[in-house]
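Here is a short report on the chain shown below.

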Amino acid sequence: MPGERLTVRGTSDMGRFPGAAPPTKVELSIHKEGEKKTEDSACRRWFRKMCPCCCKCQNITTYDVTDKVELVNPPTPIPGLDGPKPENGDSNEMEVMKLSVCSVDLLSSRTGKNRQEHHTDLHNSEKLIIRRGQTFQIELEFNRPFRADTHKLHLELRTGPLPLVSKGTHIIIPLVDTLDNKQWGAKIEEQNNNKFTLSVSSTANAVIGLYGLTVTTSTLKNENPNIYTSSKNIIMLFNPWCAEDTVFLDDEEERKEYVLNDTGRIYYGTEKQIGVRTWNFGQFHEGILEACLFVLEKSDMPPSGRGDPVNVVRVISAMINAQDDYGVLIGSWTGNYSDGVSPAAWSSSVEILKKYHSSNGMPVSYGQCWVFSGVTTSVLRCLGIPARSVTNFQSAHDTDVSLTTDVYFDENMDPIDYLNSDSVWNFHVWNDCWMARPDLPHGHGGWQAVDSTPQETSQGTFRCGPASVTAIRSGQVYLKHDTPFVFAEVNSDKIFWQRNLDGTFSQIQSEKKAVGHCISTKAVGSDERHDITHLYKHQEGSEEERIAVETASRFGSKPYVYSSPMAEDVSIEVKMEGEGPRMGTDAHLSIVLKNLSSEPRKTTLHSHVAVMYYTGVVKGTIKKEQLPVELLPNEERKIEWILPYQQYQNQLVDQAALMLTLSGRVNETKQVLANQTTFRLLTPDLIVTPLGKAVVGKEMAAKITFTNPLPGMLMGVVFRVEGLGLQKGHEVFVGDVSGHSTVTLTEHFIPTQPGPRKLVASLDCKQLTQVHGVADIIVLEQ
């Protein structure tokens, strides 16, 4: 139009984004020639657009045809602000400046640096599994490059249902220039455009467990932050490789054995007939770490308590048994396991823990001491606490805190059953775990005894330990936890009492070497048995050992039991030839009497042999007789003792254990003779023979052979076979096996993991227990 000029303002972001499309909508202003043009500021234009009714513009007209068009570009963008913008182009510039996280990579690959350096690459999981007190790395990607002079960043870790900074369950990790291994911190190691790598340091006393991760970003102007929540969690474990961690173990070979070894050996039987079985701990098996964390969650321990291994071990001790807290395993010594799995049939912790987890905490049936111990070893090693299964032969069970094992007889020297609540188990299996003990006087760190088998309550719960093995050895039973009970198991004297006519009892005999023999665990780096009795007690009969016993007894319920020592000049001992009696044959033992005086001695020995559970509980007497004995001065007499197969064949219970009790009184001196000897009837092994070459991904086989040692038929025989990295555990029903016949089973499987592996087999049958075998198999890569 003559005398007027048209101005067109675009509403796109043209010029802000090169290559943007030209405006599709125009705004026309008419200016008369000679009239001064007034330019609207950017703020006014924005305000008019947001609220046109409040900010009306004069002379605004829309035309279909224009004479002259002037393009007005938007304000020049602020340098350095790259990245995507809102499409409408009308966002606040402060919003444009914000830094936000696009993704977080926890670098959790099993073959990556984190898992390798933290010794968690064996865990069959793709989660980030780290150990406390050690640096790990994560990778962040942002919507634009991070600038330290403009942006702020910190990480947060949370664990448990109510994370609190004061409880150590909510951890705020600042960005720092230099990492300190005593504090949480994050340092930028490498930056590449919008990506950079963070190294994160953790403290050596951090709470273990499952953590959620968030990343918070903001600018230095303190506007509302952006919070990114990672979809993947982090699992924190104890760290025996970290010197500041209380579970630190400074020997690499021992760390490999007591943390990383997923198979082991558990010993059983009697001190003169030590049996051994292979156990698959399977702490790295798929799902086991999650199951172990689930066990902690099922306990009443708050997450804040999970930083102290003493607390964790004590809780695990309680949770592995189901006696009072719906723990993992139901203990049963009845001999009837028809509604579950016989304790002797288990050879692995994997199935037990996975079953407990998948059932949301329904206890598994059934366990006895070696099963409780095997599962405890699995859980502790999985969580990063060095642990081993330990077997004590002739293990006392002190029920009255007397720190003695008491045996009561009536006036006629017959046992008083209702008073004989103390017992001596043929063997008992518990655990050692390794840790410092800052809660005890200096010098009591190292191996700690912990027992998950429900025997006696500790502070109202069926649990035991951790008790310092050093304290046990020296008789310092006043140190926590449950040191008196463990001391009595390994070093209590057996005291014999006889009832007087007035109903009181007199001490008539004591055995100072009755309990705590051949304390055994698997050797480091081999399948040999390692005797660790010397760790639990001084040499029997030494002055140090006697001082420890008398020191401990002062804190028991019978502190004056050692005030009247008894004179002795006749000794009695029971011996066996070779490995001892075998199942299906007559049992032969020898009774050796020695007269240490220069005068003749006469006595009548009362002999009782009873079937017993390995826990020391007697089922019933199956043979009883009297043996008159005359000894010349300084004479040694050997008496042959025989128990025919026909007398015990239908009487045995689990472990095929028997106890021979001998008692008598020397006529001339009134000295009382007393001896209790336990023995078991040896069972045959399963012979496991690999067939063919073991290669990952290629089928191979193994032959399992068993010969029935009994003249009678075995009913309902079941084999259980399992091999970590070889095949999953499963049952094979064999059925009835006639007397002295041989069964051969061939297993076909495909190895999945290279390296040394063990194929373990066991036999489950009511008439025969503790029958098992193992084959070592070296699996090659393809």
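How many cavities of 30 Å³ or more does a search of the whole structure find? The search finds five.

## Basis

This is a predicted model: local features need pLDDT of at least 70, side-chain atom pairs count only at pLDDT 80 or more, and totals for chains, interfaces and linings use all residues. Residues are numbered from 1 along each chain as its sequence is written, and side-chain values use heavy atoms, leaving out hydrogens and water.

## Largest cavity

A cavity is a set of points on a 1 Å grid over the protein atoms alone where a 1.4 Å probe fits but cannot get out; lining residues have an atom within 4 Å of a point. The largest holds about 60 Å³ of space, the volume being that filled by probe spheres set on the points.

Its lining includes Glu257, Arg265, Arg381, Arg388 and Lys522. Two or more lining residues come from each of α4 (252-260), β14 (263-270), β18 (387-397) and β27 (517-522). Helices (H or I, at least four residues) and strands (E, at least two) are DSSP runs, numbered from the N terminus.

## Helix α5

Eight of the 11 residues of α5 (residues 288-298) are buried, so this helix is largely enclosed by the rest of the structure. Buried means under 20% relative accessible area (1.4 Å probe, protein chains only). Among the buried residues are Ile288, Cys292 and Phe294.

## A three-stranded sheet

Three strands form an open antiparallel sheet, ordered β36-β37-β40. Strands pair if DSSP finds at least two bridges between them. The edge strands are β36 (687-691) and β40 (742-749).

Eight bridges join β37 (residues 700-707) to β40. Phe706 has Val743 in β40 as its bridge partner.

Definitions and conventions. Buried < 20%, exposed > 50% of the residue type's maximum accessible area, 1.4 Å probe, protein only. 1 Å grid on protein atoms, 1.4 Å probe; cavity = no way out; pocket = protein on both sides within 12 Å on 5 of 7 lines; lining within 4 Å.
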